[in-house]
Amino acid sequence: SHLLAVQALNTMFAPLQNVCGQYLDSVVPAILRAMKAAPPEAAESYIERLGRLVGIARQLIRPYLEPLFELFDSEAVISEQQQNVLIGLIEVLAEALAGDFGPHIATVIPFLIAVIDRDVSQSHQPTLNALHALRILSPSLEGYLFLIMPRLILLLDFSTTAMGVVSKALESIGSIVASVNCSSFASRIVLTLVRLLQSAPTQALQTGIIDTLCILMEQLQDEFTLFMPTINAAMKKRGVGDHAKYERYSRLLFSGRLIPKETQRVQPLLQGESTQPDVPLGQNAGGGPKLYVDANQLRNAWSTQQRVANNDWMGWLDNFAVELLRQSPSPALRATCALASNHPKLRSELFNAAFVSCWTELPGQYQQEVISSLQEVASKPDVSSDILQTILSLAGFMERDEKQIPIDLKLLGEYADRCHALAKELHYKEAEWTLEKGYGTIEKLIELNQSLDLHDSAIGMLNYVRKEQPDIEESVEWYIRLQRWDEALTIFRQEEVELGYNHANMTGQIRCLFEMSDWETLVPLYDRIWQSNDQQMIMASASFGMSMAWAMGDIERME
């Protein structure tokens with residue numbers, strides 16, 4: 001799963017190019033930690049993906065070079081596959097840093113030489129890859145020729161080295177000679193090439209040898225004339241005295257018109273994920289071109305018939321979430337599909353973004369259908385609160401993105417109530433109040449504010465209602481919820497005058513007096529009730545009487 005995550009990150013970063021720099025601080029250390037925790041056989045996969053990431057980030061990778069170069073341990077015994085991917089990483093780093101390795105070049109060179117020395121494979125692929133890397137590193141090798149050139153010269157021997165390796169060694173020497181001053185090794189190179197020319201078994205190898213001598217001629221200029229008699233004699237003996245390129249270079253040398261050519265750029269074997277041109281720093285590259293959304297596939301996924309069991313609504317949601325990622329027009333989101341299929345948390349976190357990315361691509365009829373499916377699922381009595389929370393989270397996400405989800409506010413408030421999402425319910429009740437200003441909504445708003453410990457908001461709501469709708473009938477329940485006991489008591493007493501005595505009203509008055517600790521008023525009232533024959537009222541007020549007596553320290557009254 002870690003490899004899938006790294007692959008997804010590579011795919012996401014590819015279109016971002018230079019903009020990805022802000023995320024490298026989290027991504028590079030995470031990949032290195034995952035690689036250390038992974039089994040040894042998985043190391044090459046991580047290194048290959050690191051190389052692709054370097055190819056995307058380019059110069060932005062500089063702050064993270066230290067841990068990357070720690071991977072090139074010349075003493076470590078590693079597999080052929082791991083050697084190959086590490087060499088690929090070296091090439092990509094050279095490309096990204098424009099050859100400016102700084103002090104890290106001293107780590108890379110011993111590693112490449114160790115690869116060549118330890119290569120016992122029949123294909124010689126590690127050696128071939130190391131030689132290819134040396135061609136890319138050529139401009140940075142001037143201070144390290146004493147390490148590299150003797151080892152390359154040793155490879156120019158058909159009796160001990162495979163023909164393919166000799167050919168690539170010639171190319172590497174040619175690249176190095178063309179890039180840095182190799183005059184101190186000129187005689188060794190020329191004499192070795194002359195000896196090699198005598199035993200070259202193919203025309204292609206002979207041409208490669210003479211081409212390398214021509215490159216040396218460009219660099220040494222007049223100093224090369226010292227070696228020309230020996231070279232000419234060897235060429236004549238081998239029967240290649242009329243080599244056109246060598247003859248042309250010789251004439252130009254003697255006439256003083258031989259000018260060194262610029263070296264050809266060597267492409268790394270490991271390429272990055274993106275072929276986009278560089279984007280200047282600070283300019284948003286965007287998320288890449290939009291991909292096609294298969295609306296019919298999405299339609300099958302959101303259909304409520306797509307369930308394993310009748311009550312398997314979470315399975316339905318999981319399938320829908322994965323299909324949203326699979327069909328998302330965003331390359332970054334689509335890249336996470338395989339990973340999200342096995343990780344519920346990631347699937348849940350990306351649901352909103354995936355839904356909105358697909359929503360904007362759906363025709364109006366399809367948008368209505370998907371909303372109908374969400375409402376149908378939410379209306380089921382056995383639906384999980386997780387699904388309700390998902391719908392609410394989606395509604396909030398779309399609202400912040402200025403895309404209102406077409407679900408009635410009352411329904412959203414109901415979903416929030418069913419899954420006890422008080423803050424969300426308050427949000428939708430407030431929106432509902434601005435539209436309808438209903439009596440029931442006032443009471444619910446006061447209740448929700450109190451439940452969320454937003455007492456000032458609850459009181460502010462009540463004052464607002466009094467001001468804006470002075471003719472609205474005030475409910476005693478509002479004041480009880482606000483713990484405004486004196487005002488609640490006033491309403492209870494007014495109701496008693498208007499409607500007469502009843503148990504509910506009297507119990508309400510007792511509660512208000514008790515909460516205000518108004519013992520002077522409560523004791524006589526309680527005594528009248530206790531002396532009456534109204535057993536129902538006595539039982540209803542008994543708990544208040546006991547608590548009052550305890551608070552007053554009146555043990556006799558408690559008994």
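## Asp417 and helix α21

Asp417 is located in helix α21, where helices are DSSP runs of H or I with at least four residues, strands are E runs of at least two, and both are numbered from the N terminus. With a relative accessible area of 36%, Asp417 is partly exposed; buried means under 20%, exposed over 50%, and partly exposed in between, using a 1.4 Å probe and protein chains only.

The model is predicted, so local features need pLDDT of at least 70 and side-chain atom pairs count only at pLDDT 80 or more, whereas totals for chains, interfaces and linings use all residues. Residues are numbered from 1 along each chain as its sequence is written, and side-chain values use heavy atoms, with hydrogens and water left out.

## Other residue pairs

Gln219 belongs to helix α11 (residues 203-220). Gln219 is partly exposed, at a relative accessible area of 30%.

Pro329 occupies the loop between α15 (313-327) and α16 (331-334). Its relative accessible area is 5%, and Pro329 is buried. The C-alpha atom of Pro329 is 8.8 Å from that of Ala354, which is 25 residues away along the chain.

## Positive phi angles

Most residues other than glycine have a negative phi. Arg58, which is not a glycine, has a positive phi of about 55°. Arg58 lies in the loop that joins α3 (43-57) and α4 (65-69), and at 26% relative accessibility it counts as partly exposed.

Glu402 likewise has a positive phi, near 60°. The loop between α20 (385-400) and α21 (409-418) contains Glu402, and this residue is exposed, with a relative accessible area of 75%.

## Helix α22

Helix α22 comprises 15 residues, 422-436. From first C-alpha to last it reaches 20 Å, close to the 21 Å expected at 1.5 Å a residue; the expected span is 1.5 Å times one less than the number of residues. The buried residues of α22 are Glu425, Leu426, Tyr428, Lys429, Glu432 and Trp433.

## Aromatic contacts

Across the whole structure, 12 aromatic pairs are found; rings of Phe, Tyr and Trp (its six-membered ring) pair if their centres lie within 6.5 Å. One aromatic cluster is formed by Trp313, Trp316, Phe320, Phe351, Phe355 and Trp359.

The charged end of Arg299 sits over the ring of Tyr366, 4.6 Å from the ring centre. A charge counts as sitting over a ring if NZ of Lys or CZ of Arg is within 6 Å of the ring centre and within 35 degrees of the ring normal.

The structure holds 1 cavity of 30 Å³ or more. A cavity is a set of points, on a 1 Å grid over the protein atoms alone, where a 1.4 Å probe fits but cannot get out; lining residues have an atom within 4 Å of a point. The largest cavity has a volume of about 40 Å³, the volume being the space filled by probe spheres set on the points, which are joined across faces, edges and corners.

Asp73, Ser74, Ala76, Ile78, Gln83, Phe111, Ala114, Val115 and Arg118 line the largest cavity. Helix α6 (residues 105-118) supplies the largest share of this lining, 4 residues. By class, the lining has 5 nonpolar, 2 polar and 2 charged residues; Ala, Val, Leu, Ile, Met, Phe, Trp, Tyr, Cys and Pro count as nonpolar, Asp, Glu, Lys and Arg as charged, and the others, Gly among them, as polar.

Notes. Rings of Phe, Tyr and Trp (its six-membered ring) pair if their centres lie within 6.5 Å; planes under 30 degrees apart count as stacked, over 60 as edge-to-face and the rest as tilted. On a 1 Å grid over the protein atoms alone, a cavity is a set of points where a 1.4 Å probe fits but cannot get out, and a pocket is an open set with protein on both sides within 12 Å along at least five of seven lines; lining residues have an atom within 4 Å of a point.
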